[in-house]
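Hi,

Here is the structure I said I would pass on to you.

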Amino acid sequence: MTDDRITFHYAPQSRAFGTRFLLEELGVPSDLHALDIRTGDQLKPDYLANNPMGKVPAISHRGVVVTEQAAAS
């Protein structure tokens, strides 16, 4: 049996709210990992290992991390 839970890294009152709301509405099994961006949690080494850009939100699932990508021109 595999673990289908995802970890959702987010900051309250940020653009991550829409994704968090969607996960809850879909009933996706997930663990929430709240970051306090006012104190720089997103810039600490443990989070930068997940998302080197230091942005939220990010989703971790089965060793794969999905983050926001900058647009290419």
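**What I found**

Helix H1 lies across E1, E2 and E3, and it runs at about 150° to E1. Before you go further, bear in mind that this is a predicted model.

**The sheet**

Let's start with the strands. There is an open sheet of four of them, in the order E2-E1-E3-E4, and the pairing is mixed. E2 and E4 (64-67) are the edge strands: each has a single partner strand, so one side of each is left without a neighbour in the sheet. From one strand to the next, the twist averages 20°.

Now for the two pairings that involve E1. Strand E1 (residues 6-10) runs parallel to strand E2 (residues 30-34), and five bridges join them. To get from E1 to E2, the chain passes through H1 (residues 17-26), and this β-α-β crossover is right-handed. With strand E3 (residues 58-61), E1 pairs in the antiparallel sense, over three bridges.

**A closer look at His9**

Is His9 buried or exposed? Its relative accessible area is 5%, which is under the 20% cut-off, so His9 counts as buried.

The side chain of His9 makes a polar contact with the side chain of His33, at 2.9 Å. Another polar contact, also listed at 2.9 Å, joins the side chains of His9 and Ser60. So what else does His9 touch, leaving aside residues up to four places away in sequence? The neighbours include Leu35, Tyr47, Asn50 and Val56, as well as Pro57, Ala58 and Ile59.

**Salt bridges**

How many salt bridges does the structure hold? There are five, and here are some notes on a few of them.

- Asp31 and Arg5: their side chains meet in a salt bridge at 2.9 Å, N to O. This pair links distant parts of the chain, with Asp31 in strand E2 and Arg5 in the segment before E1, 26 residues apart. Asp31 is partly exposed, at 35% relative accessibility, and Arg5 is partly exposed too, with a relative accessible area of 37%.
- Arg38 and Asp36: here the side chains meet at 3.2 Å, N to O. Arg38 has 77% relative accessibility and counts as exposed, while Asp36, at 25%, counts as partly exposed.
- Asp41 and Lys44: the closest N and O atoms of this salt bridge are 3.0 Å apart. Asp41 has 18% relative accessibility, and buried means under 20%, so Asp41 counts as buried. Lys44, on the other hand, is partly exposed at 40%.

**Where to look first**

On one side you can follow its parallel pairing with E2, and then its antiparallel pairing with E3. From there, go to His9 and pick out the side-chain contacts with His33 and Ser60. After that, turn to the Asp31 and Arg5 salt bridge.

Happy to go through any of this with you.

Cheers

How values were computed:
Residues are numbered from 1 along each chain as its sequence is written. This is a predicted model: local features need pLDDT of at least 70, side-chain atom pairs count only at pLDDT 80 or more; totals for chains, interfaces and linings use all residues. Side-chain values use heavy atoms; hydrogens and water are left out. Two strands pair if DSSP finds at least two bridges between them. Helices (H or I, at least four residues) and strands (E, at least two) are DSSP runs, numbered from the N terminus. A crossover is right-handed if, with the strands pointing away from the viewer, the path from the first strand over the helix to the second runs clockwise. Axes are lines fitted to C-alpha atoms, for helices over the stretch in contact, and angles run from 0 to 180 degrees between N-to-C directions. Contact means heavy atoms within 4.5 Å. A salt bridge is a side-chain nitrogen of Lys or Arg within 4 Å of a carboxyl oxygen of Asp or Glu. Buried means under 20% relative accessible area, exposed over 50%, partly exposed in between (1.4 Å probe, protein chains only). A polar contact is a pair of N or O atoms within 3.5 Å; within protein, one must be able to donate a hydrogen and the other to accept it, and residues adjacent in sequence count only if both atoms are side-chain atoms.
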